[in-house]
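Thanks for coming, everyone. I would like to walk through one chain, taking a few local features in turn and giving the cut-offs as they come up.

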Amino acid sequence: MKAISIGLLGLGTVGSGVVKIIEQHQDKLMHQIGCAINIKKILVKDSAKDRQVAIDKSILTSNVDEILEDPEIDVIIEVMGGIDETKDYLLRAIRNKKHIITANKDLMALYGSQLLKEATANECDLFYEASVAGGIPILRGLADGLASDRITKMMGIVNGTTNFILTKMSQDGSAYEEVLKEAQSLGFAEADPTADVSGLDAARKMAILSTLGFSMTIDLEDVTVQGITEISEEDLAYSKKLGYTMKLIGLSSRDGEKVEVSVQPALLPEHHPLASVHNEYNAVYVYGEAVGETMFYGPGAGSLPTATSVVSDLVAVIKNMRLGVNGRSAVAPQYPKTMKEPSEIHAKFFIRLHVKDEVGVLAKITMLFAEHGVSFDKILQLPLNEKGSSEIVLVTHHATLTEFEKIQQKLNDYEMVKEIKSTYRVEGENGK
Ligand SMILES: NC(=O)C1=CN([C@@H]2O[C@H](COP(=O)(O)OP(=O)(O)OC[C@H]3O[C@@H](n4cnc5c(N)ncnc54)[C@H](OP(=O)(O)O)[C@@H]3O)[C@@H](O)[C@H]2O)C=CC1
Ligand SMILES: N[C@@H](CC=O)C(=O)O
Ligand code: NA
């Protein structure tokens, strides 16, 4: 079989990894697909820039038409990032009958269904394994490995940068800004790391995972999002003291046909498997009605891990080309979407309050929670340096989000409560 020519859009962290893997694993790739892979052109912004990989500079271009309009190029690998312009490039490529592989969750979370429909209509493959949890084959795990099951819950650490930051802050006491810079220099962070630390990157991945896992179209706006920027050293210290580990957790759950999809910092019991996922590593816990608990673990970001998923997608495209079955694997969502109301979301909650150090304060707070049917699992009360003030830290038993929000509103109105310093969900107790 003659060599397959591919066009690469982007030669940064992931693109360089793709070039390395295609070169270094040539024998294995040839054995699997029966032909050579020829990287014919690479789109970059600046062709003069020094590169992390040795390549023939004549294949670099800043004119995308040289790739999209080249009839010899069968497959486009998109690892440049960006949304609107990139979507236009990919739609043009699909209409020119080119198969697509992308690592771009920003794009797939917003326009995945449009692109997949267009690809199917043009008998093209569109694979995006690297877009969620970099090097972990989670999308293939859901689409193929668990195809026979009904998924009811997914809980994961799906952003490497924030997991790296939280690990270093809680284990070594490192400062937030310093660790963020380190994550950027290691190539884990997005071009604009706001997407990482605000939780948006994880929300995009949860929208993609939930759409596939629950077979319903979960849009980005269906995902409630909170990032890691408000987490204080005190919160990290209290979570340790109470036997928890703070992680940025993506959560998708389904009860009947109703779903919740959210991203937030949450406290996990120290013995929970996700609590020992450190640095840029990701993990996704998947519960299926038949299979029970499964866990997918591995590097969530970085050049070679992410490129592994990209090149494995390329192998799948080329195998489909040989069989003449491209564009047949995407399955359209089966179910309509109904999101859970806050009154249908149950969790345990952590709350940290600064209160006046007076007789009866704790009793009054206990009474308020009891009026809303919420009892406590853990209570700490400690004096503060500020005279006449103390700190109360509570972990509730399960309550609905609605009741917990009502309690917070009433606490804010109490004169004895100086400030609600922080609240978090506590997840993963009872083994899940
Ligand atoms: N880094 C990671 O660990 C992971 C990244 N991803 C995703 O992979 C994609 C790429 O990420 P990453 O490799 O880190 O990004 P980089 O910023 O390292 O690389 C981007 C590359 O694309 C080129 N590029 C960007 N915009 C344009 C444009 N408008 N025209 C031409 N070329 C352009 C850049 O050219 P030049 O070099 O000339 O500047 C660069 O080579 C993103 O969608 C990201 O979200 C997914 C999983 C993990
Ligand atoms: N910035 C992302 C890269 C992979 O998707 C992350 O940190 O997880
Ligand atoms: Na993946």
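Let me start with a question: does Cys-35 count as buried or exposed? At 2% relative accessibility, Cys-35 counts as buried, where buried means under 20% relative accessible area, exposed over 50%, and partly exposed in between, using a 1.4 Å probe and protein chains only.

Before going further, please keep in mind that this is a predicted model, in which local features need pLDDT of at least 70 and side-chain atom pairs count only at pLDDT 80 or more, while totals for chains, interfaces and linings use all residues. Residues are numbered from 1 along each chain as its sequence is written, chains are lettered from A and ligands numbered from 1 in the order in which they are written, and side-chain values use heavy atoms, with hydrogens and water left out.

Staying with the cysteines, a disulfide here is a pair of cysteine sulfur atoms within 2.5 Å, and by this rule the count is zero.

Next, a pair of helices; helices (H or I, at least four residues) and strands (E, at least two) are DSSP runs, numbered from the N terminus. Helix H5, residues 105-121, packs against helix H10, residues 200-214, at an angle of about 45 degrees, and their axes are 9 Å apart. Those axes are lines fitted to C-alpha atoms, for helices over the stretch in contact, and the angles run from 0 to 180 degrees between N-to-C directions. H5 and H10 are therefore oblique to each other, since angles under 35 degrees count as roughly parallel, over 145 as roughly antiparallel, 65 to 115 as roughly perpendicular and the rest as oblique. On the H5 side the contact (heavy atoms within 4.5 Å) is made by Lys-105, Asp-106, Met-108 and Ala-109, and on the H10 side by Asp-201, Arg-204, Lys-205 and Ile-208.

Now to the backbone. Most residues other than glycine have a negative phi. Glu-123, in the loop between H5 and strand S6 (126-127), has a positive phi of about 55 degrees although it is not a glycine, and at 59% relative accessibility Glu-123 counts as exposed. Asn-279 also has a positive phi, near 55 degrees; Asn-279 is found in the loop between strand S10 (258-269) and strand S11 (281-288), and is partly exposed, with a relative accessible area of 25%.

What surrounds Ile-101, leaving aside its neighbours within four places in sequence? Ile-101 is in strand S5, residues 99-102, and counts as buried at 0% relative accessibility; its contacts include Val-75, Ile-77, Phe-127, Val-310 and Leu-314.
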